[in-house]
Amino acid sequence: MILAGGGHAHLAVLADWARHEFPNTQRVLVTASRFTAYSGLLPAWMAGICRRQDLMIDLEPLARKAGTTLIIDRVCGLDADKRTLLLAGGLALEFDLLSLATGGEADLSALASLGPRVLAVKPVDDFMQGWAVLVAKVRAGACIRLAVVGGGAAGVEMALAAEVALRGIGSPVALIVPQGEFLKGHADGVRRRVLAEFARRGIALHHGHAVGAQDGLLLSDGISLPASHVIAATGSRAPSWLARSGLRTTDAGFVAVGADLRSVSHPNILAAGDIVERIDRLLPRSGVHAVKSGPVLAANLRAALADRPMRTYRPRERTLYLMATGERRAIGSWGKLAFGGRLAWWLKNWIDRRFIARQRPGGPPDALQ
Ligand SMILES: Cc1cc2nc3c(=O)[nH]c(=O)nc-3n(C[C@H](O)[C@H](O)[C@H](O)COP(=O)(O)OP(=O)(O)OC[C@H]3O[C@@H](n4cnc5c(N)ncnc54)[C@H](O)[C@@H]3O)c2cc1C
């Protein structure tokens, strides 16, 4: 039984495996890095509110507790019919049961011409390294002009966090949002609060499709926006190796799964998180759904082993979303209700602390106490 990817969706599976016996079952976790970043705290790290080690989850002790062999390598191929997972290091792992949760890939197609001037939010390790180098350069006197591309919660949070990190040492931050994509799906009150925050803090908001240009970005309305560096929070696209896997995928190339998180073409392959699209309903790609589907995934892997009926992942009708503003305040929503301020930050901090504490037997990191 193989887990591919050690991120949000699989943490609950590792916890489940630590609690249950699996006679005659060899368990393996293949993941790109020993540490996985809790994305909810990435903007807080950028804004200097927490340290790198506060948001990194060490998979080695979790795998050990779960009686699972940890292989640090990248999945680069899958032959679903032959039940074989191919790793970049050359290994070919055969499986009876596979769970895929390697997340999505950053979609950089429109920004590729910018080369090293683009910081993609994924892989998170590379982003953190690139951001730390950039901030150090600015502190040493380098002049930069930063633009963030992406209209979802991640783009907004990163623009707000970057403004805090570069305040007084860098030039103003700009956020570029494709037309009609500004916090799409969020409550109107959330958009209003974010716009007020941008206005107060001098963050420029531009609407339009952005492509890389000589001096920065060229927007679809012909405006040229100077930028020395661009953070790409442009959303996830499906990993390219899925197309050759033999697995049924959706039009956008994601693994097509049913409500039980099982591949619609290969019942011995389950999948969750950013790599899937449900065939029965549309769900946004978010850490909330990745985390909440984890226990169902764990139960269904055990059900598949025992040939028992599967559970379905039923998302709640309303989800609580909390966006950090980088200044120990947050903007939140619950359905159509929007709110913000220090109390929202306290709630976000409490949720983040609780999540991280569950992954660490030693308790939450000091910075979040
Ligand atoms: C800046 C930012 C902020 C965000 N904030 C929030 C938030 O506040 N709330 C929210 O709900 N969502 C948030 N999200 C979205 C959330 O992070 C994702 O939806 C969630 O991480 C998806 O979980 P996952 O398990 O599918 O993938 P991930 O958590 O990304 O995990 C993927 C795992 O697979 C590994 N991996 C990747 N590729 C390979 C490969 N080829 N082979 C092997 N292993 C591989 C990775 O190392 C990682 O361990 C945010 C995203 C970003 C970028």
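At 0% relative accessibility, Leu-183 counts as buried. This is a predicted model, and in it Leu-183 sits in the loop that runs between strand E13 (174–177) and helix H7 (188–201). What makes the backbone here worth a look is phi: for Leu-183 it comes out near 45°, a positive value in a residue other than glycine. Most residues other than glycine have a negative phi, and most peptide bonds are trans.

Asn-24 is another residue with a positive phi, near 55°, and again not a glycine. Its setting is the loop between H1 and strand E2 (28–31). With 84% relative accessibility, Asn-24 counts as exposed, because the cut-off for that class is over 50%. Asp-307, the residue that follows H8, also has a positive phi, near 60°. For a cis peptide bond, go to the step from Lys-122 to Pro-123, where omega is near -5°. Pro-123 belongs to the loop between strand E11 (118–120) and helix H5 (124–139).

## Helix H8

How far apart are the end C-alpha atoms of H8, and what span should its 20 residues give? At 1.5 Å a residue, the helix should span 28 Å, and the ends are 29 Å apart, so the two agree. H8 does bend, though: by about 35° at Gly-294, with a proline, Pro-295, following within four residues.

The buried residues are His-289, Ala-290, Ser-293, Gly-294, Val-296, Leu-297, Ala-298, Ala-299, Asn-300, Leu-301 and Ala-303. They pack against strand E1 (2–4), helix H1 (8–19), strand E9 (98–100), strand E21 (269–271) and strand E23 (320–324). As background, an α-helix has 3.6 residues a turn, so residues three or four places apart point the same way.

## Around H1

Asp-16 is in helix H1, and its relative accessible area is 4%, so it falls in the buried class, which means under 20%. Beyond residues up to four places away in sequence, Asp-16 touches Phe-22, Ala-298 and Arg-302. Ala-298 is one of the buried residues of H8.

Gly-7 is in the loop between E1 and H1 and counts as buried at 16% relative accessibility.

Two elements give two or more residues to its lining: strand E8 (92–94) and helix H8 (287–306).

Which of the 13 lining residues lie nearest the centre of this pocket? They are Met-1, Gln-26, Phe-95, Asp-96 and Leu-97. By type, the lining divides into 9 nonpolar, 2 polar and 2 charged residues.

## Contacts across the sequence

Glu-197 lies in helix H7 and, at 6% relative accessibility, counts as buried. Leaving aside neighbours within four places in sequence, Glu-197 is in contact with Leu-160, Thr-325, Glu-327 and Arg-329. Glu-197 and Arg-329 are 132 residues apart in sequence, while their C-alpha atoms are 11 Å apart in space.

Phe-254 is found in the loop between strand E19 (236–237) and strand E20 (255–257). Is Phe-254 buried or exposed? Its relative accessible area is 3%, which makes it buried. Not counting residues up to four places away in sequence, Phe-254 touches Ser-236, Arg-237, Ala-238, Leu-242, Arg-248, Thr-249, Asp-274, Ile-275, Val-276, Glu-277 and Arg-285. For Leu-242, 12 residues away from Phe-254 in sequence, the C-alpha to C-alpha distance is 7.6 Å.

## Leu-218 on strand E16

Leu-218 lies in strand E16 (residues 216–219). At 36% relative accessibility, Leu-218 counts as partly exposed. With residues up to four places away in sequence not counted, Leu-218 touches His-209, Ala-210, Val-211, Ala-213, Ile-223 and Ser-224. Gly-208 is 10 residues from Leu-218 in sequence, and the two are 9.3 Å apart in space, C-alpha to C-alpha.

Technical notes:
Residues numbered from 1 in each chain as written. Predicted model: local features only at pLDDT ≥ 70, side-chain atom pairs only at ≥ 80, totals over all residues. Heavy atoms only, no water. 1 Å grid on protein atoms, 1.4 Å probe; cavity = no way out; pocket = protein on both sides within 12 Å on 5 of 7 lines; lining within 4 Å. Nonpolar A, V, L, I, M, F, W, Y, C, P; charged D, E, K, R; others polar. Expected span 1.5 Å × (residues − 1). Bend = angle between axes of the 7 residues up to and from the residue. Buried < 20%, exposed > 50% of the residue type's maximum accessible area, 1.4 Å probe, protein only. Contact = heavy atoms within 4.5 Å.
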